[in-house]
Amino acid sequence: MVADVLDGKAFAAKLRAMVTKEVTRLKDAHGMTPGLAVVLVGDDPASQVYVRNKRKQTVEAGMHSVEHRLDSTISEEALLALVGSLNKDPAIHGILVQLPLPSHIDEALVINAIAPEKDVDGFHVSNVGRIATGQAAMVPCTPLGCLLLLRDRLGDLSGLNAVVLGRSNIVGKPMAQLLLRDSCTVTIAHSRTRDISGVCRRADIVVAAVGRAEMIGADWIKPGATVIDVGINRIEKPGGGTGLVGDVAFAEVSQVAGAITPVPGGVGPMTIACLLANTLTACCRISGFRAPATLSV
């Protein structure tokens with residue numbers, strides 16, 4: 001068996017096209033343009049590239065894009081004041097504060113200062129609670145992208161055994177909650193899990209988000225299982241230079257799994273596409289319009 005490769009880049013392109021179509025409809029029918037504000041503190045090169053890509057795709061989708069690039073020495077008080085002003089701005093429907101923040105700033109304080117309805121990253125404690133209790137919420141972009149890929153591949157997820165490797169607040173925990181909402185039987189595995197490979201081998205769905213390069217081998221995977229690799233790890237290549245790999249040993253696992261996401265080109269492209277979908281959803285909800293069901297959960 002050779003696994004089908006789930007092309008996140010192609011799926012993300014389709015998702016962005018759907019968002020663009022809905023944005024055009026909103027403009028034509030209601031004169032409403034979704035607005036996304038991104039706040040970047042400091043000059044981290046990776047964050048700058050990521051923010052630049054977000055802006056490009058936001059504009060291409062027909063949305064209003066605003067950037068705030070701040071010096072790394074900005075005070076916590078000044079950053080909170082900016083967030084407060086964006087909360088009140090009627091042209092802004094989504095607010096994203098790029099993480100990580102400098103050590104002198106309390107990340108949790110800043111995240112929870114964002115109005116929950118504009119929290120397109122889905123990190124606000126109110127959105128976390130809403131997801132856990134099955135209510136309408138802004139959903140973290142990476143778990144949302146994983147869920148959309150799984151639904152596209154498998155259709156109805158009800159009754160499937162799913163293992164989420166990793167218990168972070170950004171991916172692991174919200175991913176488990178989303179799978180529960182789709183009626184999967186869910187296990188969260190982590191560094192303290194006993195017989196972790198055996199736990200994974202019983203799963204129909206494995207979502208790997210541990211941040212350890214190629215940790216999951218073929219003997220961890222049930223034949224025919226669907227494997228979603230969230231990991232992005234930079235490693236030294238044998239012949240020199242560096243390359244990106246996931247948490248899953250792709251070459252060997254693809255000989256066992258039924259379907260698998262590659263790294264790069266799998267989950268990664270879905271994140272920004274889901275950010276755009278979240279911004280559209282936020283705009284609709286704030287404005288009292290029905291959000292497209294296919295773009296949210």
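Me: Is Cys-184 buried or exposed?
Reply: In this predicted model, the relative accessible area of Cys-184 comes to 6%. A residue counts as buried when that value is under 20%, and therefore Cys-184 is buried.

Me: Which cysteine sulfur is nearest to that of Cys-184, and how far away is it?
Reply: A disulfide requires two cysteine sulfur atoms within 2.5 Å, and Cys-184 takes part in no disulfide. Its nearest cysteine sulfur belongs to Cys-146, at a distance of 13 Å.

Me: How many disulfides does the structure hold?
Reply: Cys-146, which is buried with a relative accessible area of 0%, is likewise in no disulfide, since the nearest cysteine sulfur, that of Cys-274, lies 8.6 Å away and the cut-off is 2.5 Å. For the structure as a whole, the number of disulfides is zero.

Me: At what angle do the axes of helix H5 and helix H7 cross?
Reply: Two packed helices are described by the distance between their axes and the angle between them. Helix H5 covers residues 125-132 and helix H7 covers residues 172-181, and their axes come within 9 Å of each other. On the H5 side the contact is made by Arg-130, Ile-131 and Ala-132, while H7 contributes Gln-177, Leu-178 and Arg-181. The axes cross at roughly 35°.

Me: Which strands do the buried residues of H7 pack against?
Reply: The buried residues of H7 are Gly-172, Pro-174, Met-175, Ala-176, Leu-178 and Leu-179. Besides the helices H5 and H6, they pack against strands S5, S6 and S7.

Technical notes
Residues numbered from 1 in each chain as written. Predicted model: local features only at pLDDT ≥ 70, side-chain atom pairs only at ≥ 80, totals over all residues. Heavy atoms only, no water. Axes fitted to C-alpha atoms, helices over the stretch in contact; angles between N-to-C directions. Helix = DSSP H or I, 4+ residues; strand = E, 2+ residues; numbered from the N terminus. Contact = heavy atoms within 4.5 Å. Buried < 20%, exposed > 50% of the residue type's maximum accessible area, 1.4 Å probe, protein only.
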